[in-house]
Amino acid sequence: MVYTKALVISFLIFLIGGSQTPEGVKIGDNAPDFNLKNVDGKMVSLNANKDAKGYIIVFTCNSCPYSEIYEDRIIALHQKYASRGYPVIAIQPNNPKISTGDSYLKMKERANNKEFPFAYLIDTDNQETTKAYGATNTPQVYIINKEATGFRVAYIGAIDNNSRNPEAATTKRYVENAVDALLNGQSIETNSTKAIGCTIK
């Protein structure tokens, strides 16, 4: 009987643990640094830009229709906020062996065709940065803010509330509102939302 109970308990622990995704960071946590390869061949880390007040980190890719819908809006975010200290860093999180459309070569082609003004990085083979942040979807945003002790996570989630129809009205601009609040020294009203998109592979 004891042996049977032990098996049941072990099985329940397996089910509970196996159903969870990597925890990643929460609001207020230190942002994990990285040193990842950009499409221009250079390595990029959080401390590479000494003038940055923070970053808009977007986990995105070539192959996800949601990411494609958001590409122009991600470009617009960089154009609006890079000069004010919050540039975009895009990170391609998918394993290119599984998602062949997200290979480094395909990333370079997409960045060139769309004239990305921001860094477009490929994660490591073991998806180290994706796991460290806890990203699960593309696109998914982490806004980080530079403080005395380093970069801290200020927002996690979606870019806005219009993930399907770029022609429709966007009524809630989560990322813009969050960055505007940081620039004005105010607290972020909505610091966490659900990222709608494709599951990271």
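Student: What should I know about the model before we start?
Tutor: It is predicted, so local features need pLDDT of at least 70 and side-chain atom pairs count only at pLDDT 80 or more, while totals for chains, interfaces and linings use all residues. Residues are numbered from 1 along each chain as its sequence is written, and side-chain values use heavy atoms, with hydrogens and water left out.

Student: How many helices and strands does the chain have?
Tutor: The chain has 5 helices and 9 strands. Helices (H or I, at least four residues) and strands (E, at least two) are DSSP runs, numbered from the N terminus. Along the sequence the pattern is α-β-β-β-α-β-α-β-α-β-β-β-α-β.

Student: Why is α2 called roughly parallel to α5?
Tutor: The axes of α2 (residues 65–81) and α5 (residues 174–183) cross at roughly 15 degrees and come within 12 Å. Angles under 35 degrees count as roughly parallel, over 145 as roughly antiparallel, 65 to 115 as roughly perpendicular and the rest as oblique. Therefore α2 is roughly parallel to α5. The axes are lines fitted to C-alpha atoms, for helices over the stretch in contact, and angles run from 0 to 180 degrees between N-to-C directions.

Student: Which residues make the contact of α2 and α5?
Tutor: L77, K80 and Y81 come from α2, and V175, E176, V179, D180 and L183 from α5. Contact means heavy atoms within 4.5 Å. These residues divide into 5 nonpolar, no polar and 3 charged. The classes are nonpolar (Ala, Val, Leu, Ile, Met, Phe, Trp, Tyr, Cys and Pro), charged (Asp, Glu, Lys and Arg) and polar (the others, Gly among them).

Student: Why does V153 count as buried?
Tutor: V153 has 3% relative accessibility. Buried means under 20% relative accessible area, exposed over 50%, partly exposed in between (1.4 Å probe, protein chains only). So V153 is buried. V153 sits in strand β8 (residues 150–157). Beyond four places in sequence, its contacts are V25, K26, I27, G28, D29, A31, I143 and I144.

Student: What makes K146 partly exposed?
Tutor: K146 stands at 40% relative accessibility, and therefore counts as partly exposed. K146 belongs to strand β7. Not counting residues up to four places away, K146 touches K50, A52, K53, G54 and F151.

Student: Is E115 buried or exposed?
Tutor: E115 is at 66% relative accessibility, so E115 counts as exposed. E115 is in the loop between α3 (104–114) and β5 (119–122). Its phi is near 55 degrees, a positive value in a residue other than glycine.

Student: How do you know that Q127 counts as buried?
Tutor: Q127 has 16% relative accessibility, so Q127 counts as buried. Q127 lies in the loop between β5 and α4 (128–133). Q127 also has a positive phi, about 55 degrees, although it is not a glycine.

Student: Which residues does the cis peptide bond join?
Tutor: The bond joins T138 and P139, with omega about -5 degrees. P139 is in the loop between β6 (137–138) and β7 (140–147).

Student: What share of the chain counts as buried?
Tutor: Of the 201 residues, 45% count as buried. Among contacts between residues at least 6 apart in sequence, 75% join residues at least 24 apart.
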